[in-house]
Amino acid sequence: MIMESENDVKLFQSIGLSENKCKETLKNKQISNNLKLAITEANKYGVITPEVGILLYHLASKIKNQIADKLLFLTQYIAEKKLDTIQRIDAALNYLLNNITQNIDISNFEKECGVGVIVSPEEIEYEIEKVISAHKTEIIEKRYHFNVGLLMQQVRNTLKWADGKAIKNEFDVQMLDLLGAKCDSDLTPLPKAIKQAKVKKTEKEKEHKSIISINEKVGVHTISELMKTKVHFHKPGENYKTEGYILTTNTHRLLQEHLKTTGGKVITRFPPEPNGILHIGHAKAININFGYAAAYDGICYLRYDDTNPEKEEEKFFTGIHEMVEWLGYKPAKITHSSDYFQQLYEWAIVLIQKGLAYVCHQSSKEIKGFNPPPSPWRNRPISESLQLFNDMKDGLLEEGEATLRMKVTLEEGKQDPVAYRIKYASHHRTGDQWCIYPTYDFTHCLCDSIENITHSLCTKEFQSRRSSYYWLCNALDIYCPVQWEYGRLNVNYTVVSKRKISKLIEEGIVSDWDDPRLFTLTALRRRGFPSEAINNFCAQMGVTGAQAVVDPSVLEACVRDVLNVTASRYMAVLEPLKITISNFPHENPIQVTVPNFPNEPDKGQHDITFDEVIYIETSDFKENAGKDFRRLTPNQSVGLKYVGIVLKVKEIERDSSGNIINLIVTQESISDSNKPKAFIHWVSNPILASVKLYERLFKHKNPEDLNEVPNGFLSDVNPVSKKEIVGYVDASLAKSAKPFEKFQFERIGFFSVDPDTTPGKLVFNKTVTLKEDPGKI
């Protein structure tokens with residue numbers, strides 16, 4: 001092995017690679033094999049120069065498995081100096097990938113690769129003169145500090161097959177001709193921006209920075225924008241262009257049949273298991289699947305992966321559908337994996353008949369983990385497996401006595417995943433028709449194939465299943481979709497697993513799956529998070545392979561952005577302090593019309609009552625205030641919003657314990673001489689409402705991490721995560737507030753009407769606070 005490695009290093013060095021580059025290359029078996037084949041072939045056409053060696057290495061590292069059989073063909077073109085630049089090799093690879101199912105048309109191939117095309121020095125000179133002339137003023141101003149790299153790229157785009165060195169040399173000549181020789185100022189680096197001294201940031205500032213950085217990094221705000229500008233999946237029918245896609249002799253025919261059936265439409269699916277309520281991570285999956293289809297005028301199915309009859313309940317089926325539609329998406333069709341049970345069973349028999357599946361009697365415990373013992377039944381006769389599989393279907397074997405396993409090894413090294421297991425449980429849809437049920441590994445790709453899915457989009461943990469996905473479709477000689485993976489979305493300070501949420505419910509820590517402190521979609525809706533905000537949040541996370549772990553404040557920022565323009569402004573007081581206006585000038589209460597959106601009066605209005613007794617927030621009055629306090633004090637007046645008056649304290653009334661229970665004040669109309677420093681909100685003749693205030697459910701970012709929380713997530717529950725108070729709210733809300741309707745309580749935050757609201761009792765949930773302004777006191 002050592003001798004072989006040394007020989008390979010010498011072989012690679014013979015084409016100009018350094019020893020370190022050789023050793024690095026040998027770490028990648030695929031590139032090493034490609035390079036050895038290319039060198040062997042190129043040697044047939046003469047000595048390999050370092051220039052040719054660079055091109056051979058580029059070929060070996062860039063060629064995809066789908067066109068690996070064209071390696072020697074391309075090597076010959078390189079050796080004969082027909083493909084003499086990186087650009088030409090890339091064009092050749094792209095051409096072959098686009099025409100993978102056809103015989104090579106040499107004439108078209110050479111045309112697309114620029115074989116024989118010579119760009120003259122005069123053409124290069126002319127193009128460079130043109131771009132320099134267009135930027136002449138800026139170049140003269142900045143001299144040699146001007147970035148000519150962008151101009152070089154512009155010329156390369158125009159003269160696709162021009163020699164890069166020739167372009168650079170001509171630029172150098174023309175810049176020298178225009179500017180003359182470099183002087184001292186040209187050689188002096190430009191001054192760097194002065195760095196400000198670092199100031200330790202608070203947690204709130206860190207959270208705010210993370211919100212900004214995510215927005216800047218992804219650069220999009222809606223799912224439609226994300227899918228059209230940042231996501232680059234294959235076109236329908238061009239499955240073979242994706243990395244790792246497996247080609248067979250029937251691939252072209254199957255893809256043509258697929259395109260004929262679908263009309264070239266994008267078809268995706270969202271395939272949840274109906275055994276729990278959807279959470280924030282599912283929102284990303286919904287947006288990616290439905291959003292990608294919508295962006296390209298395609299369709300998306302909602303497919304229930306109902307292969308585990310023991311955990312499925314009707315409420316989960318209806319709850320999932322409801323949440324998908326709440327997010328704004330309508331499935332083109334609702335399907336179930338159970339729709340295809342008969343077809344899946346027949347395909348399982350085909351696998352056995354081909355010797356690609358067998359009945360095994362190892363227990364689930366024995367085959368658990370990554371290095372289980374090989375099955376002693378792997379090579380049992382096909383006829384025996386067929387009979388036993390039939391016995392499994394007919395209910396002649398006990399649960400756990402046998403499984404059907406596929407003869408394939410997953411990327412992670414796990415061998416022979418289970419395709420079918422025995423379960424004596426009544427199925428939600430098929431009743432007692434079946435007692436064997438297919439697993440995810442068997443069902444997922446086959447249902448995708450049946451439904452002609454073009455893009456099988458799933459989270460990163462299923463990447464290790466991709467090889468079995470392709471293997472199974474190809475083993476059965478059926479249409480094979482493409483699986484694309486993206487990173488999961490996780491949010492700090494919460495748990496989303498069904499088991500853990502069930503535990504929280506059992507322990508009485510939360511009320512149900514829709515408790516507003518959870519991050520299930522039903523809980524977020526109940527708390528008042530708009531579906532549009534959740535969709536925008538998912539868009540800002542992007543579609544990459546990296547797992548996203550974000551602070552709740554990032555989602556809350558998206559919520560504020562939406563509610564700022566959609567939630568009507570009303571006044572409410574959560575910690576009331578009674579105010580009596582001693583010189584109230586009216587005999588009866590008066591009605592004042594106020595806008596729902598003060599900055600946009602055209603968006604509606606409502607009437608509020610103003611009377612001699614009003615209520616303000618306790619925090620808006622201080623008996624002994626510092627100089628920075630801008631609201632009501634014994635010596636400082638304050639303005640009331642919307643009524644154009646200023647209040648001044650006349651007398652303070654207290655109870656027997658010395659607590660302030662009433663402020664006797666006088667009112668004055670606002671004038672140039674008595675302009676107050678601040679205006680505050682208030683209510684008069686209010687109605688009482690139950691107001692629920694929420695904080696984070698857990699104290700640590702990762703309540704499931706035993707390093708952070710050694711005693712488990714239940715020990716990390718925040719005891720003050722929920723507080724219920726009685727608030728005084730504008731009486732007009734009694735008639736207008738409907739469940740799930742959102743309002744901004746001025747100067748306090750955004751609130752949503754809870755579905756527990758009844759005609760005689762309003763209940764509000766705090767959604768999020770207003771955007772904080774540290775400079776406002």
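Predicted model: local features only at pLDDT ≥ 70, side-chain atom pairs only at ≥ 80, totals over all residues.
The arrangement of aromatic rings is considered first. A pair of aromatic rings is described by the distance of the centres and the angle of the planes. A search of the whole structure finds 27 such aromatic pairs. One of them joins Tyr292 and Tyr296, whose ring centres are 4.9 Å apart; the planes meet at 45°, so this pair is classed as tilted. The two partners can also be described by their accessibility. Tyr292 has a relative accessibility of 4% and therefore counts as buried. Tyr296, with a relative accessible area of 35%, is partly exposed.

A further pair is formed by Phe341 and Trp434, with 6.3 Å from centre to centre and 80° between the planes, an edge-to-face arrangement. Distant parts of the chain are linked by this pair, since its members are 93 residues apart. Phe341 belongs to helix H18 (residues 341–353), whereas Trp434 is found in the loop between strand E6 (418–422) and strand E7 (436–438). Both Phe341 and Trp434 are buried. Ring pairs also place these two residues in a cluster, together with Tyr345, Phe389, Tyr420, Tyr437 and Phe442.

Aromatic rings are also approached by charged side chains. Lys333 lies over the face of Tyr301, at 5.0 Å from the centre of the ring. In another part of the description, the charged end of Arg525 is placed over the ring of Phe740, 4.8 Å from the ring centre.

The nonpolar cores are considered next. The largest nonpolar core contains 76 residues, and the members that touch the most others are Phe389, Tyr420 and Phe442. Helix H18 makes the greatest contribution to this core, with 7 residues. The surroundings of Phe389 can be given in detail. When residues up to four places away in sequence are not counted, Phe389 touches Tyr345, Ala348, Ile349, Ile352, Val359, Leu404, Tyr420 and Ile436.

The description now turns to a sheet. Strands of a sheet pair through backbone hydrogen bonds, either parallel or antiparallel. Here, 3 strands form an open sheet with parallel pairing, in the order E1-E2-E3. Strand E1 (267–270) and strand E3 (333–336) are the edge strands, each of which pairs on one side only. On average, and with direction ignored, neighbouring strands of the sheet are turned by 35° against each other. Between E1 and strand E2 (residues 299–304), the parallel pairing extends over 4 bridges. Within this pairing, Ile267 stands opposite Ile299 of E2, and Phe270 has Leu302 in E2 as its bridge partner.

Helices pack on this sheet. Helix H16 (residues 280–295) touches E1 and E2, and its direction makes about 160° with that of E1. Helix H17 (residues 314–326) touches E1, E2 and E3, and its direction makes about 160° with that of E2. The faces of E1 are both covered: Ile267 and Arg269 are buried on one side, and Thr268 and Phe270 are buried on the other.

Finally, several individual residues are described. Glu41 is located in helix H3 (residues 29–42). The relative accessible area of Glu41 is 9%, so this residue counts as buried. Apart from residues up to four places away in sequence, Glu41 touches Leu72 and Thr75.

Positive phi values are found in residues other than glycine. The phi angle of Arg143 is near 50°, and Arg143 lies in the loop between helix H9 (136–142) and helix H10 (149–158). With a relative accessible area of 22%, Arg143 is partly exposed. Tyr493 has a positive phi of about 65°, although Tyr493 is not a glycine. Tyr493 is placed in the loop between strand E10 (489–491) and helix H22 (498–506). Its relative accessibility is 12%, and Tyr493 therefore counts as buried.

Key. Residues numbered from 1 in each chain as written. Heavy atoms only, no water. Phe/Tyr/Trp six-rings, centres within 6.5 Å; stacked < 30°, edge-to-face > 60°. Buried < 20%, exposed > 50% of the residue type's maximum accessible area, 1.4 Å probe, protein only. Helix = DSSP H or I, 4+ residues; strand = E, 2+ residues; numbered from the N terminus. Lys NZ or Arg CZ within 6 Å of the ring centre and 35° of its normal. Core = buried A, V, L, I, M, F, W, Y, C linked by side-chain atoms within 4.5 Å. Contact = heavy atoms within 4.5 Å. Pairing = 2+ DSSP bridges. Axes fitted to C-alpha atoms, helices over the stretch in contact; angles between N-to-C directions.
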